[in-house]
Amino acid sequence: MTQMILCGRGGQGIVFLTRLLGDIATEKGLNVISSETHGMAVRGGSVNSHLKIGPFSSPLIRWGQADCLISLDSSETFNNKHFLKKDGVVFENSPTPSESDLYRVDATDIARSIGRIQLENVVLLGFSIFLSNFEISLEDIKRKLSGGSRHVTSEQNLVALKAGVRVAQALIQ
Amino acid sequence: MSTVKNDSPDLIRFLMGNEAIARGIIESGCALASAYPGTPSSEVMESLTRWKKELSHPIYLEWSINEKVAFEVAYGASLAGSRSAVIMKMVGLNVASDPLLSAAYLGVRGGLVVIVADDPGPHSSQTEQDSRFFAWFAKVPVYDPSSPAEALSMTRRAFELSEKYHIPVMLRPCLRVCHARQNVNMAGPLEPVNVGPFEKNWTKWAATPKFRLVLHGELNDKIRNISLEESDSQPLRISGPKESPLAIITSGSVSAHVKDIVDADSRLSEIPVYKVDTPYPVNQKVLQELIDSKTQTLVIEETYPVLELQLINKTKVRGRISGHVPQQGELTPEVVERIIMNFSGVETEESVSPTIRARRPSLCAGCPHRPAFFMIKKLFSESIFTGDIGCYTLGVNLGAVDTCLCMGASIGMASGFAHATNKTNDGHVVATIGDSTFFHAGVPALINAVHTGANFVLVLMDNNITAMTGGQPTPATNFLADGAPAVQVDMEKLIRGCGVKSLDVVDPYNYRALEEALSKAKLFSHEKKSGVSVVITRRDCIRSSSSSISNIRFQVGENCDRCMTCIRDLECPAISFVKQEKIVRIDLDLCSGCGFCVDVCPSQAIAAWRNLT
């Protein structure tokens, strides 16, 4: 069972990430349910997605239950930290150094250097290797990302993911 | 001969609730679907257009001009013998209520499913209204799905029920179903179902009041029979033991929270949870027997007490009427947990509400509405600004929207302000409305304003798309829902046809032209009092594929005296004040190069910096 909150500003690709992980879980035959933000909030407002893998009926994560928080905008981390359980971890897009249970990467900078600012979300996905009991492996994510319809986009996605993983591995050591 | 492709039946996909509903429509052999976009319903039609293409399904699809017309289109197809569906958000049903109530009396031929998405919260709407109440008011059955998978199944059941009883059937998904995703089992698509050609019978299809009385009696019989004979009108136990002093009765999306909370807490495992698939009409006798067999029953539903009000004896019932369930606001898992804990007498820690510093939504950088609002505010600083429904409601951020009521109300309300004897501020009024909203409900209001000689300026912000809901066509765009070419309605001719004498069209990026057009309108409507003047600010939505984003990027130079005009009056998300360095900065990633800030800056401090190409 995994419960994950993904948050950021409208337009940062939160829904893309949620769908990607949900598609992978579905292909693996797992029960998965999620909830996402649409409408006016996506005009640059605060958005979040809930993703739950396991025998759940409700698409919403209750306060204090999330295993992890993927935050594409450090100011949104604050708005969503009440969803985290006591030993939950945060993966955050920020130039600031990491702290315990708060793993940071400057995904914006990496995405810009790859040539597409929209890749911030995929960079952060590289941090999923921190999750010990996560049903979705890095290999699953790679397979899904390389199956994209546009070759250039797939290549860029994989570069972004690798960059995220490299930073994560450095943090582990 | 079948022409519809079968995309691997029994396939499991991770579907959004709205996609699942669309899939249910395709699997039901629906021949026509019409809709007007509105959060949280818009993705149903978008998913239909995808499956129509992928599966070569012959279903006819349209984005209609408004919900009333959409309903009538679907109803016409139903009488023609085709299964049909109409999709809208709940406030859209207010617009479509006229045909709905009458159609309930007349009945249907091909199955007719009315899909109305509710928004408890509300997250993206004007009200928290419960469309199930509307179903009750209209006397039509309503399905209340709790998940995407159930939304698919209920869509199929709704078509069956509609055809069996010759009655329109509503499907009422809440936002938490519409915008949830889940692994959903799909079946194959079905060729369009046809119940045979229309047979003329004016006593039924054009019934006069005398025959309407007969039809009302028939409608009452249909609803009674459905409540007595259909299992979906009865409570179904989804959790817990049968024998217990307590029980919970629930319905729809909130039932998913209830089930998870009860299942996860061993102290609650003795409480059975019953769910009703069609909260109207319910089998009142069976529900009453259930309640009579318990000492207390809790009713939890979103958002009005529809199930609760239908219960015959409420003395042992807790719910909204008894004050145990809040009367407003979304029933989130936290709210539901507190209600259940109170009901069951289980001690629990009071959870403290978190502090949220949510980022407010804002018009996109480069949005063509922003310059229009800036100039309105500049030229009409003391006027009243009646606003409307769309992205441009965010004109409130620029202080250029004072009112927002419902679709098209900017124009009707501007007339009211103009005709009112009690003048506010300088007595001038500027109405703002988008192209899609203008077509939806603005046209009759404009004719009315012209006819009555109301003096105000109408700024029609034409971005050639329905932007807020994700870019659906309007009657002026050159493509239909499924991408086929459309006959474009000429907006200028329409406005002149309404009797408007002063009409200008400008590119909102052009500071001087915009200033000139609005000044001219001010002279016409406010100083000369010659009636309504219309200024169309025309430029494609920055998010639409047809939009041409500039490669020029700008920077703030040394001339900047930190007057904050660009930040306060233009409110562009790409421009910010960096406190530490006390400088105004333009964010390269957010800027879309519209360059309007160059003209706005009083110190001429903003200049082109580099070309990204």
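Predicted model: local features only at pLDDT ≥ 70, side-chain atom pairs only at ≥ 80, totals over all residues.
In which sense do S9(B) and S11(B) pair, and over how many bridges? I begin with that question, and the answer is that S9(B) and S11(B) are antiparallel, joined by three bridges. Within this pairing, B:Ser239 has B:Val273 of S11(B) as its bridge partner.

A word on confidence. The model scores ipTM 0.95 and pTM 0.96. For chain B, the mean pLDDT is 95, and 99% of the residues reach 70 or more.

I turn now to chain B as a whole. Chain B contains 20 helices and 22 strands. Its radius of gyration is 27 Å, close to the 25 Å that the globule rule gives for 613 residues, so chain B is as compact as a globular protein of that length. Taken along the principal axes, the box filled by the C-alpha atoms of chain B is roughly 80 × 65 × 55 Å. Of the 613 residues in chain B, 54% are buried. As for contacts in chain B with a separation of 6 or more, 77% are between residues 24 or more positions apart.

Helix H10 of chain B covers residues 253–264. At 1.5 Å a residue, its twelve residues should span 16 Å, and the end C-alpha atoms are 18 Å apart, which agrees. Among the buried residues of H10(B) are B:Ser253, B:His257, B:Lys259 and B:Asp260, together with B:Val254, B:Val258, B:Ile261 and B:Val262. The buried residues of H10(B) pack against strands S9 (236–239), S10 (246–250), S11 (273–275) and S12 (296–300) of chain B, and also against helices H7 (175–178) and H13 (333–344) of chain B.

What are the partners of S4(B)? Strand S2 (residues 32–35) of chain B runs parallel to S4(B) and is joined to it by four bridges. Strand S5 (residues 112–117) of chain B is also parallel to S4(B), with six bridges between the two. B:Ser84 takes part in both pairings: B:Leu32 has B:Ser84 as its bridge partner, and B:Ser84 stands opposite B:Leu112 in S5(B). From S4(B) the chain passes through helix H4 (residues 90–106) of chain B to S5(B), and this β-α-β crossover is right-handed.

Finally, chain A. Chain A has six helices and six strands, and from the N terminus on, its elements run β-α-β-β-β-α-β-β-α-α-α-α. The radius of gyration of chain A is 15 Å, close to the 16 Å that the globule rule gives for 173 residues, so chain A is as compact as a globular protein of that length. Its C-alpha atoms fill a box of roughly 40 × 40 × 35 Å along the principal axes. Buried residues account for 54% of the 173 in chain A. Residues 24 or more positions apart make up 54% of the contacts in chain A with a separation of 6 or more.

A:Leu21 lies in helix H1 (residues 14–27) of chain A. Is A:Leu21 buried or exposed? A:Leu21 is buried, with 28 other C-beta atoms within 10 Å. Leaving aside residues up to four places away in sequence, A:Leu21 touches A:Leu51 and A:Ile136. The C-alpha atoms of A:Leu21 and A:Leu125 are separated by 9.7 Å, although these residues are 104 apart along the chain.

Definitions and conventions:
Residues numbered from 1 in each chain as written. Chains lettered and ligands numbered in written order. Pairing = 2+ DSSP bridges. Right-handed = clockwise from strand over helix to strand, strands pointing away. Rg over C-alpha atoms; globule rule 2.2 N^0.38 Å. Buried ≥ 20, exposed ≤ 12 C-beta atoms within 10 Å, placed from the backbone. Contact = placed C-beta atoms within 7 Å. pLDDT = per-residue confidence, 0-100. Expected span 1.5 Å × (residues − 1).
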